[in-house]
Amino acid sequence: MNKNKGFGLIELMVSILIASIIVTGLYSLLTSSVVNYGFSNASSGAAKTSRQVGNIFNTLISQAGFMGYRMVMVGATNQPINSAYNIGYANPNWRENQSIMGSNNGQRLKIRFNGSSLEDDLVNTGETQSNGYVLDCRGIGVPNNVQLELEFFVNPNSGLVCRQNILAGTGAANFDNSFDEQQEFVIDSTVRRLEVLYGVSIPNGNNNGYYRAADLINSPLDWHNVSNIRYALVTSVDTGQRLVTTPGNAQLVVFQSNEFVNNDGVGDIVFQIENGRQSFVHRIMKGDISILNQYQYL
């Protein structure tokens, strides 16, 4: 007669050990998968955000100095109207046909341009309705009887901001009933830093190269000599994984010192990663834009 025999103590302990090893491996795999997913998702989001912000920023900045067919044909110029907001600008006074200005710390940028209308496409029709080629901060077309100033900067609480001001032309009610003459719009909330360099490329010039705003205004050059804007935007997207750690002094190099003129003692321009953002994916997106400025009109 056969007797039923169960697991002994040793067999049970071996089974528990094997199960523990399997569970530990599965937990480690699951944890690794979650972390990798967080990084992958955040990295993908950061890349998408960078492309979107870059497209918007390039479109708006490339309008600097635009006057439009009608104004060029009648020989009009951009008048030196000073800004109502000028904190942080070493030389805040505008000159005739000046189309850009940067703050002393290189983290604020202003541009000026005129709108464009159907009259610019169909000459002498008298139509001032926007043709949609020239845009304000919101992506809304600007008519050719409006001159705008846009200012770009990063607000620590809201991200990359575009602030606009009607300098000349029709009033706010005729431009857009919902629009204040001075108003701020958030372009993207993930942008943590904006840095701008200003390029000078004058034929037969001896001072050509890229300058920080502080060096440009203290050199023989001025804003009228600038023909290019080189910018860098730092985006920061959360991975959602607090397991990710980086040194407390982690930095990203935004611009290397050999990228700009008058860099003696300045060193690289860096972005310091905040302690509270050590679990974020940071990405630097750069661009270089040619603009219209005074000497191109001469």
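The model is predicted: local features need pLDDT of at least 70, side-chain atom pairs count only at pLDDT 80 or more, and totals for chains, interfaces and linings use all residues. Residues are numbered from 1 along each chain as its sequence is written, and side-chain values use heavy atoms, without hydrogens or water.

**Exercise 1.** State which residues line the largest pocket, and sort them by class.

Solution. 
- Take the volume: about 180 Å³.
- List the lining: Asn105, Gln107, Arg108, Phe153, Val154, Pro156, Arg192, Arg193, Leu194, Phe271 and Glu274. Lining residues have an atom within 4 Å of a pocket point.
- Sort by class: 5 nonpolar, 2 polar and 4 charged.
- Assign to strands (E, DSSP runs of at least two residues). E3 (146–155) and E6 (191–200) each supply at least two lining residues. E6 gives the most, with 3 residues.

**Exercise 2.** Decide whether Met73 is buried or exposed, and find its surface patch.

Solution. 
- Helices are DSSP runs (H or I) of at least four residues.
- Read the relative accessible area: 54%. Exposed means over 50%, buried under 20%, so Met73 is exposed.
- Find the patch: Tyr69, Met73 and Val74 make a nonpolar one of about 320 Å². Patch residues have over 30% relative accessible area and no salt bridge, and nonpolar side chains are joined within 5 Å.

**Exercise 3.** Describe the phi and the setting of Asn97.

Solution. 
- Read phi: near 65 degrees, a positive value in a non-glycine residue.
- Compare: most residues other than glycine have a negative phi.
- Check burial: Asn97 is buried, at 12% relative accessible area.

Methods:
Patches are made of residues with over 30% relative accessible area and no salt bridge: like charges are joined within 9 Å, nonpolar side chains (Val, Leu, Ile, Met, Phe, Trp, Tyr) within 5 Å. Accessible areas come from the Shrake-Rupley method with a 1.4 Å probe; for residues, only the protein chains shown count as cover. A salt bridge is a side-chain nitrogen of Lys or Arg within 4 Å of a carboxyl oxygen of Asp or Glu. Buried means under 20% relative accessible area, exposed over 50%, partly exposed in between (1.4 Å probe, protein chains only). On a 1 Å grid over the protein atoms alone, a cavity is a set of points where a 1.4 Å probe fits but cannot get out, and a pocket is an open set with protein on both sides within 12 Å along at least five of seven lines; lining residues have an atom within 4 Å of a point. Grid points are joined across faces, edges and corners, and a volume is the space filled by probe spheres set on the points. Ala, Val, Leu, Ile, Met, Phe, Trp, Tyr, Cys and Pro count as nonpolar, Asp, Glu, Lys and Arg as charged, and the others, Gly among them, as polar.
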